[in-house]
Amino acid sequence: MATSSIEWTELTWNPTTGCDKVSAGCKFCYAEIMSRRLKAMGVEKYKDGFKVREHEAALMIPYSWKKPAMVFVNSMSDLFHKDVSLEFIQKVFAVMNANPHLIFQVLTKRSERLAEIHPQLQWTQNIWMGVSVEDERVIHRIDDLRKAPAAVRFLSCEPLIGPLKKLKLKGIDWVIVGGESGANPRPMKEEWATSIRDQCEKHDVAFFFKQWGGRNKKAAGRVLDGEYYDEFPTPNSKRFTCVTRWLFHPYWFLCAPAPNTFYHEHDTCSFLRELCHCLWSINETNKNPFQQLPAQWFMVLVRRECGARAVESPMRLVTFPDRLT
Ligand code: SF4
């Protein structure tokens, strides 16, 4: 299984590989370095190095992931690259459509193509669409992203190489910020990151601070202004109407047994995830999962927040779905 060390996802899936540089954020592209390394190691999938390639066989991989998870699509490429055919992009979307228990996080720098072809794609609620915004020169990507009818729209401001003082956050659900890492990283100023955090707070947009980066990113850590910021988006309820999808969403948990009882995720995470998996299995047998629950269970969906912020502020009650009985 392609587990990921990226803090805001769990698995990676690369139905395409290869790319070329499109803006300043690409300068020290990790995918390019890794592709060359994998080619040198003789890995078949990377035999053409960093040239854009479609991998039909990789389309089957998500069908083998039975448990709910968040999946980063194309960590080694850009799905909306001009050399990826519309037909293949539609196949990738069909796989995402057919696996509603997985959340697919698609990130692109080719926002113009996204804006152009999004009507020809099927946008199910488990597809989160994002654009990279590394500095003000590429801020137009946000307007392109807004055109796509994704359940969650997000910005990846990584590597953040300049200030973003006036982000247009209308219709945006989540912002990730991170500094550059590697041998010659361009520094990220603290005020750039705190400014984005403040704009997110003002507009009630989830904020995730991934890392400071630098030559030793582990040592630099991911504490910003004395806190960890590990927020995940709350899908727009109007666009996110299917209760079963809420239930099987890996970052929404079913809590029990009493109302007004909220748990910190570290106490309940594994138990609740097991429960969700169990319900998913029941659902696969076409029975109504809600009828399988003991009567005393009181179901509440809470937003997962972890780290210092969750300890300081109680989890937010998002919905109280009496429709679940
Ligand atoms: S768009 Fe992404 S994958 Fe492509 S060169 Fe730039 S950083 Fe690398």
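Which residues surround the ligand? The shell consists of Cys19, Asp20, Lys21, Val22, Cys26, Cys29, Ala31, Glu32, Ser77, Asp78 and Lys109, where a residue is near a molecule or strand if its C-beta atom, placed from the backbone, lies within 6 Å of it. By class, the shell comprises 5 nonpolar, 1 polar and 5 charged residues. In this division Ala, Val, Leu, Ile, Met, Phe, Trp, Tyr, Cys and Pro count as nonpolar, Asp, Glu, Lys and Arg as charged, and the others, Gly among them, as polar.

The structure is a predicted model, in which local features need pLDDT of at least 70 and side-chain atom pairs count only at pLDDT 80 or more, while totals for chains, interfaces and linings use all residues. Residues are numbered from 1 along each chain as its sequence is written. The mean pLDDT (the predictor's confidence in each residue, from 0 to 100) of the protein chain is 78, and 71% of its residues reach 70 or more. Over residues 236–325 pLDDT stays under 50, and the model has 103 contacts beyond four places in sequence for these residues; two residues are in contact if their C-beta atoms, placed from the backbone, lie within 7 Å. Where pLDDT is low, the predicted coordinates should not be read in detail.

The protein chain contains 9 helices and 12 strands. These elements are DSSP runs numbered from the N terminus, helices being H or I with at least four residues and strands E with at least two. Of the 325 residues of the protein chain, 35% count as buried. A residue is buried if 20 or more other C-beta atoms lie within 10 Å of its own, exposed if 12 or fewer, and partly exposed in between, with C-beta atoms placed from the backbone. Among contacts in the protein chain with a separation of 6 or more, 68% involve residues 24 or more positions apart.

Strand β5 (residues 102–108) is largely enclosed by the rest of the structure, because 7 of its 7 residues are buried. Leu102, Phe104, Val106 and Thr108 point one way from β5, whereas Ile103, Gln105 and Leu107 point the other way. In a regular strand the side chains alternate between the two faces of the sheet. Strand β4 (residues 69–73) pairs with β5 in the parallel sense over 5 bridges, pairing requiring that DSSP finds at least two bridges between two strands. Within this pair, Val71 stands opposite Phe104.

Strand β8 (residues 174–178) is likewise largely enclosed by the rest of the structure, since 5 of its 5 residues are buried. Trp174, Ile176 and Gly178 point one way from β8, and Val175 and Val177 the other way. β8 pairs with β7 in the parallel sense over 4 bridges, and with strand β9 (residues 206–211), also parallel, over 5 bridges. Ile176 takes part in both pairings: Ser156 is its bridge partner, and Phe208 in β9 stands opposite Ile176.

In helix α4 (residues 140–147), the residues Arg141, Ile142 and Leu145 are buried. They cover an arc of only 100 degrees around the axis, which puts them on the same side of α4; the arc is that of the directions from the helix axis to the C-beta atoms. The buried residues of α4 pack against α3 (111–117), β6 (127–132) and β7 (152–157). Ile142 is buried because 20 other C-beta atoms lie within 10 Å. Apart from neighbours within four places in sequence, Ile142 is in contact with Val131, Val133, Leu155, Lys168 and Ile172. Ile142 and Leu169, which are 27 residues apart in sequence, have their C-alpha atoms 8.3 Å apart.

Several loop residues were also examined. Lys47, in the loop between α1 (30–40) and β3 (53–54), counts as exposed because it has 12 C-beta neighbours inside 10 Å. The peptide bond from Glu158 to Pro159 is cis, with omega near 0 degrees, and Pro159 lies in the loop between β7 and β8. Positive phi values in residues other than glycine occur at Asn74, near 65 degrees, and at Asp204, near 55 degrees. Asn74, in the loop between β4 and α2 (86–97), is buried, with 23 other C-beta atoms within 10 Å. Asp204, in the loop between α5 (190–202) and β9, counts as exposed, with 9 C-beta neighbours inside 10 Å.
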